[in-house]
Amino acid sequence: MSFELKQKGNELFKAGDYNGAEEMYSQAIQKNSTEPTFFTNRALTRIRLENWSGTEHDARAAIALYGAHSPSSLKSSWYLAQALLGQQRPQEAHEVAVTAYGLSLKAKDIKPKDSQTENLSKGRLERGEIGTVGFGEDEREIREEWKKKGKKVREVFGIAGGSEGMVERVVPDYLIDGITFEVMHDPVITLSGTSFDRLSIIKYVEQAKVDPITREAMTMADLRPNYALKAACEEFLDKNGWAVDW
C-alpha cells in the first residue's frame, strides 16, 4: 500500500501537482517510515515548493536510513545542501557538498590525479560550481565506468536465461540538469547556450550571480525558455515513469 501511495505521488509530481505529491509521499511515510526513497521523493517535492526546512528534515531522514557513508545517500546529500542554501546556511551546505563529493569519488574508486586537481575541484565547490563545471569530468568517468559494468551484467543475464524483458534504464545526458543531476522539468537557456532546470539555475544565480559555465555576470532576465527541450523532457518522463526517482 505504501508503494502504491508513492506511485501516486510520482504521477502527481510529473503533472506538476507538488502539493498533492507531497501529501501522497507523507501518507506513504506514515505507513512505512523505514523506506528511504519516500523521504527522498518528498525532499525533492519540497524543493519544488521551496519548503527548505521540510527538505532538510527529509534529506537527513533519508541519509540516516541509507547510512551516511552509503553511495545511495548521495542524492539526499545534494538535496540537503540545497535546503541549507535555501535557509541561508552556505557554510553548512558547502561542508555537506564537499563530504558527498569525496564519498562519490571513493564509491566509484575515482581519485583526483594530483594535489593540483584536488585543489581545483575544491575551489570549484567553494565557488558554487557543484554541477556542470565542478563535477563534469568526474561524472563522465563515472558514467563510462558504470556503463561498462552494466553491459557485463546484461551479458551474464543473457547467457543465463535470455535478456528478454530486461530494459536498460538510462536517462539521456541532454535531459539532465547540470546542477542537480536530475531530469529537467522546466529547462531554460543561459547566455552561454547551456540549458538548466529553471529552479536550479535561479537558485544558483541568486547565490553566485554569474553564468556557471563562463563565470560572466548573469541575472534572471538573461534566461530564456527552452521549449523544445521541455517537450523532450515531458515526453521522456511520460514514457519512463521510473525516471521521477532517478
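This is a predicted model: local features need pLDDT of at least 70, side-chain atom pairs count only at pLDDT 80 or more; totals for chains, interfaces and linings use all residues.
**Exercise 1: An aromatic pair**

How are the rings of Phe3 and Phe38 arranged, and why does the pair get its label?

*Solution.* Step 1: know the rule. Rings of Phe, Tyr and Trp (its six-membered ring) pair if their centres lie within 6.5 Å; planes under 30 degrees apart are stacked, over 60 edge-to-face, and the rest tilted. The structure has two such aromatic pairs.

Step 1: apply it. The ring centres of Phe3 and Phe38 are 5.1 Å apart and the planes sit at 65°, so this pair is edge-to-face.

Step 2: Phe3 belongs to helix α1 (residues 2-14) and Phe38 to helix α3, and the pair links distant parts of the chain, 35 residues apart.

Step 3: Phe3 is partly exposed at 45% relative accessible area, whereas Phe38 is buried at 0%.

**Exercise 2: Positive phi angles**

Find where Phe181 sits in the chain and where Lys209 sits, then say whether each is buried or exposed.

*Solution.* Step 1: take Phe181. Its phi is near 65°, a positive value in a residue other than glycine. Phe181 is in the loop between α8 (136-161) and β1 (187-189), and it is buried, with a relative accessible area of 17%.

Step 1: take Lys209. This residue is not a glycine either, but has a positive phi of about 60°. Lys209 is in the loop between α9 (198-208) and β3 (224-225), and at 55% relative accessibility it counts as exposed.

**Exercise 3: The sheet**

In what order do the three strands of the open sheet lie?

*Solution.* Step 1: count the elements. The chain has ten helices and three strands.

Step 1: pair the strands. Two strands pair if DSSP finds at least two bridges between them. Two bridges join β1 to β3, which run antiparallel; Ile189 stands opposite Arg224 in β3.

Step 2: The three strands form an open sheet in the order β2-β1-β3, with antiparallel pairing. The edge strands are β2 (195-197) and β3, each pairing on one side only.

**Exercise 4: The largest cavity**

Which elements and domains supply the lining of the largest cavity?

*Solution.* Step 1: define it. On a 1 Å grid over the protein atoms alone, a cavity is a set of points where a 1.4 Å probe fits but cannot get out; lining residues have an atom within 4 Å of a point. Grid points are joined across faces, edges and corners, and a volume is the space filled by probe spheres set on the points.

Step 1: size it. There are two cavities of 30 Å³ or more, and the largest has a volume of about 60 Å³.

Step 2: read the lining. Its residues include Ile47, Arg48, Gln82, Thr180, Asp197 and Lys203. Both α3 and α9 supply at least two residues each, and α9 gives the most, with three.

Step 3: assign domains. Domain 1 (2-108) and domain 3 (173-239) each provide at least three lining residues; these bounds come from an automatic or database domain assignment.

Terms used:
Residues are numbered from 1 along each chain as its sequence is written. Side-chain values use heavy atoms; hydrogens and water are left out. Helices (H or I, at least four residues) and strands (E, at least two) are DSSP runs, numbered from the N terminus. Buried means under 20% relative accessible area, exposed over 50%, partly exposed in between (1.4 Å probe, protein chains only). On a 1 Å grid over the protein atoms alone, a cavity is a set of points where a 1.4 Å probe fits but cannot get out, and a pocket is an open set with protein on both sides within 12 Å along at least five of seven lines; lining residues have an atom within 4 Å of a point.
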